[in-house]
Amino acid sequence: MSSIEQSGTFSFGGRAVRRLGFGAMRLAGPGVFGPPEDPDAALAVLREAVAGGVNHIDTSDFYGPHVTNRLIREALAPYPDDLVIVTKVGARRGEDASWLPAFSAEELTRAVHDNLRNLGLDVLDVVNFRSMLGTHGPAEGSIEAPLAVLAGLQRQGLVRHVGLSNVTPAQVAEGRRICEIGCVQNQCNLAHRGDDALIDELARDGIAYVPFFPLGGFSPLQSSALSAVAGRLGATPMQVALAWLLRRAPNILLIPGTSSVAHLRENLAAAGCVLPDDAMRELDAA
Ligand SMILES: NC(=O)c1ccc[n+]([C@@H]2O[C@H](COP(=O)([O-])OP(=O)(O)OC[C@H]3O[C@@H](n4cnc5c(N)ncnc54)[C@H](OP(=O)(O)O)[C@@H]3O)[C@@H](O)[C@H]2O)c1
């Protein structure tokens with residue numbers, strides 16, 4: 001069995017996806033704005049991900065904007081049959097690289113069509129509604145109106161599955177009353193565990209939970225417990241951070257991001273890093 005297969009699979013986007021996937025945000029330029037300094041290197045990372053067994057890629061047209069979707073299309077189209085591409089709508093970029101809400105029916109509809117065109121698809125596998133009620137974390141407020149727009153685009157056949165991102169448990173409950181929710185993508189890692197109860201609830205109901213910033217995002221994780229466990233297992237601290245999430249719950253699907261083939265290989269090899277009970281206890285208590 002090759003290493004990535006050891007992460008197991010989860011039914012998502014209508015297919016069995018491997019629990020170790022790839023997040024494409026880091027492939028855009030500095031500040032997730034504009035093109036990367038080395039487009040060939042970005043294309044190589046995407047091709048290596050799929051060659052390494054990844055069949056779940058996370059992206060958005062607001063990365064760049066439009067940059068990561070166009071790189072994905074250039075590197076991977078025509079797409080492998082088993083590949084699930086997850087995108088998100090609900091935000092847009094200002095000319096100063098700021099992240100702005102884009103919730104209106106017109107903006108959401110345009111975003112779905114932009115994603116279709118830039119990815120070169122007739123239908124999007126999964127579209128997350130990314131709440132911008134809070135930019136840096138979830139904030140309460142109804143998501144009914146924008147989600148109803150996405151559900152309408154789903155009925156038109158442009159979107160197969162709808163997900164939510166940067167949302168509170170109350171918004172997940174509201175969303176599930178409006179349409180079927182295939183996944184929830186929120187910030188979660190060893191140092192950021194506010195969603196524990198939500199993860200367990202979604203696991204019971206067979207809904208994927210996709211942690212963003214699994215390695216700490218813009219502030220990479222630093223923890224003596226991670227280093228200690230990594231030292232004992234002959235792994236790297238980043239591999240242990242991913243292995244901890246993989247063991248945390250069966251519905252967790254990982255999308256670590258990197259612009260480097262070496263880091264990508266290291267991250268995919270985390271599938272083979274199975275944490276013993278004592279390491280889990282040590283990390284849970286960290
Ligand atoms: N829904 C949302 O609101 C939201 C928000 C943020 C992100 N996301 C999604 O989540 C994905 C993951 O988030 P992320 O990429 O921002 O954060 P991340 O996966 O937590 O970490 C990425 C950072 O860690 C570094 N890195 C990756 N692998 C490494 C390794 N093995 N050793 C050392 N450093 C390593 C990367 O730098 P190098 O490039 O140098 O490897 C990059 O700086 C994104 O790609 C995006 O698709 C969603």
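The following questions and answers concern a predicted model. Local features need pLDDT of at least 70 and side-chain atom pairs count only at pLDDT 80 or more, while totals for chains, interfaces and linings use all residues. Residues are numbered from 1 along each chain as its sequence is written.

User: What distance separates the end C-alpha atoms of helix H3 (residues 105–119)?
Analyst: Helices are DSSP runs of H or I with at least four residues, numbered from the N terminus. The expected span is 1.5 Å times one less than the number of residues. For the 15 residues of H3 this gives 21 Å, and the model agrees, because its end C-alpha atoms are 21 Å apart.

User: Within what arc do the buried residues of H3 fall?
Analyst: A residue is buried if 20 or more other C-beta atoms, placed from the backbone, lie within 10 Å of its own. In H3 these are Leu-108, Ala-111, Val-112, Asn-115, Asn-118 and Leu-119. They line one face of the helix, because the directions from the helix axis to their C-beta atoms fall within an arc of 140°.

User: Which residue of E2 is the bridge partner of Phe-12?
Analyst: E1 and strand E2 (residues 15–18) pair in the antiparallel sense over four bridges, where pairing needs at least two bridges found by DSSP. The partner of Phe-12 is Arg-15.

Terms used
Helices (H or I, at least four residues) and strands (E, at least two) are DSSP runs, numbered from the N terminus. A residue is buried if 20 or more other C-beta atoms lie within 10 Å of its own, exposed if 12 or fewer, and partly exposed in between; C-beta atoms are placed from the backbone.
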